[in-house]
Amino acid sequence: MKALTWHGRRDVRVDTVPDPAIKDPTDVIIKVTTSGLCGSDLHLYEVLGPFLDVGDILGHEPMGIVQEVGPEVTAVHVGDRVVIPFNVSCGTCHTCGQGLHSQCETTQVREYGSGAALFGYTKLYGQVPGGQAELLRVPFGNNLPIKVPHGPVDDRFVFLSDVLPTAWQAVEYAAVPAGGSLVVLGLGPIGDMSCRIALHRGASQVIGVDLVGERLTRARRRGVHVLDLAGHGKHLADVIRDLTDGRGPDAVIDAVGMEAHGSPGAKLAAQATNLLPSTLAAKMMEHVGIDRLHALYLAIDIVRRGGTISLSGVYGGQTDPLPLLTMFDKQIQLRMGQANVHRWVDDILPLLTDDDPFGVDTFATHHVPLTEAPRAYEMFQKKQDGAVKVLFKP
């Protein structure tokens, strides 16, 4: 089969690799019909090379058609249409039973002290072959795949793999009171969708912050009050307070994470890991604070006293300094973590109707053949051509 594989920093290629096969009796093989390119994939493209091997298959946002099932699979059948969550979760352990599928005890990567394994996402998360490929082996076939109806285009459902549950959890964790205010930092796919979900769930004021003109325009069209970070610079916090009765928003979602602008030194440290031998670079990534924390510091500054910060952006360093005195003094509530996809499916799936309240049918900005994936990664990383969400078609 054809699959997108990692070969080094900013070097991904479409290779011919062996087809996946049933290994366990509850495995499923799907023929991938659509797979998303996620902002988290750029971490692999840019800085997480020490935890990848040449030939690793990337991608964690797939959907497709069941092609083969193991002998103990009864929940799905050949020909069923399914979305595959990015968490590799068993669905039956203690943490899955608590709705914490991202902490699945069956697939936790204990070698690195990590939570549940993820498709297509480094040794830190199990080095499981990903879904930017023609075929995908899916374990836990009775619990992991999400069955969706035939008929609507893939765009209607593919975002159940990551974007929708991640954004839904970000809004849930933000705990915006009815009629309250929310600031979303970063209007990439997760930030954009978080704004849409927050408005749908009753937030009266949603303010979105970004640097990219196309993203700001896109959010404005959905009723978001947008602010250009470049235009307001150091005065951004004051502008936001002026918009929220002088006290700041009830909640802030950081949808940026370690892709944040504002810390050239941290950026250079991250890039330096690619110049080191892989074993040394991995230790640096694990134990040295190299994250760019501008977005998180901004969230701490602007949220009102007693407000909530919800982190959906991915952070990677272990020794990042946090202003705990300020956080304690402001009585800030902080929630974070990988999305627990299955926990939110029952809330989201009924909303994926022809009424399309979240605009999923037109959410993707680019539909690209898998053969053109290397160029799409470059385009997305450089924020070219208005790329907000890219979907691959194997």
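This note goes through the cysteines, one glycine, a sheet and a helix pair in a predicted model.

1. Basis. In this predicted model, local features need pLDDT of at least 70 and side-chain atom pairs count only at pLDDT 80 or more, while totals for chains, interfaces and linings use all residues. Residues are numbered from 1 along each chain as its sequence is written, and side-chain values use heavy atoms, with hydrogens and water left out.

2. Cysteines. The structure holds zero disulfides, a disulfide being a pair of cysteine sulfur atoms within 2.5 Å. For Cys96 the closest cysteine sulfur is that of Cys93, and at 3.6 Å this is too far for a bond. Cys96 is buried, with a relative accessible area of 5%, and Cys195 is buried as well, at 1%; buried means under 20% relative accessible area, exposed over 50% and partly exposed in between, with a 1.4 Å probe and protein chains only.

3. Gly191. This glycine lies in helix H4 (residues 189-200), where helices (H or I, at least four residues) and strands (E, at least two) are DSSP runs numbered from the N terminus. Gly191 is buried, with a relative accessible area of 1%. Leaving aside neighbours within four places in sequence, Gly191 is in contact (heavy atoms within 4.5 Å) with Val184, Gly186 and Ala255. The C-alpha atoms of Gly191 and Ser312 are separated by 8.7 Å, although these residues are 121 apart along the chain.

4. The sheet. Six strands form an open sheet in the order E12-E11-E10-E13-E14-E15, with parallel pairing, and two strands pair if DSSP finds at least two bridges between them. Its edge strands, each pairing on one side only, are E12 (225-228) and E15 (333-336). Strand E14 (residues 308-311) runs parallel to E15 and is joined to it by four bridges, and Ile309 stands opposite Leu334 in E15. Helix H5 (residues 213-220) packs on the sheet, touching strand E11 (205-210) and E12, and its direction makes about 165 degrees with that of E12; axes are lines fitted to C-alpha atoms, for helices over the stretch in contact, and angles run from 0 to 180 degrees between N-to-C directions.

5. H3 and H12. The axes of helix H3 (residues 163-174) and helix H12 (residues 341-348) come within 9 Å and cross at roughly 90 degrees, which makes H3 roughly perpendicular to H12 (65 to 115 degrees). Leu164, Pro165, Trp168, Gln169 and Glu172 in H3 meet Val341, Trp344, Asp347 and Ile348 in H12.

Terms used:
Angles under 35 degrees count as roughly parallel, over 145 as roughly antiparallel, 65 to 115 as roughly perpendicular and the rest as oblique.
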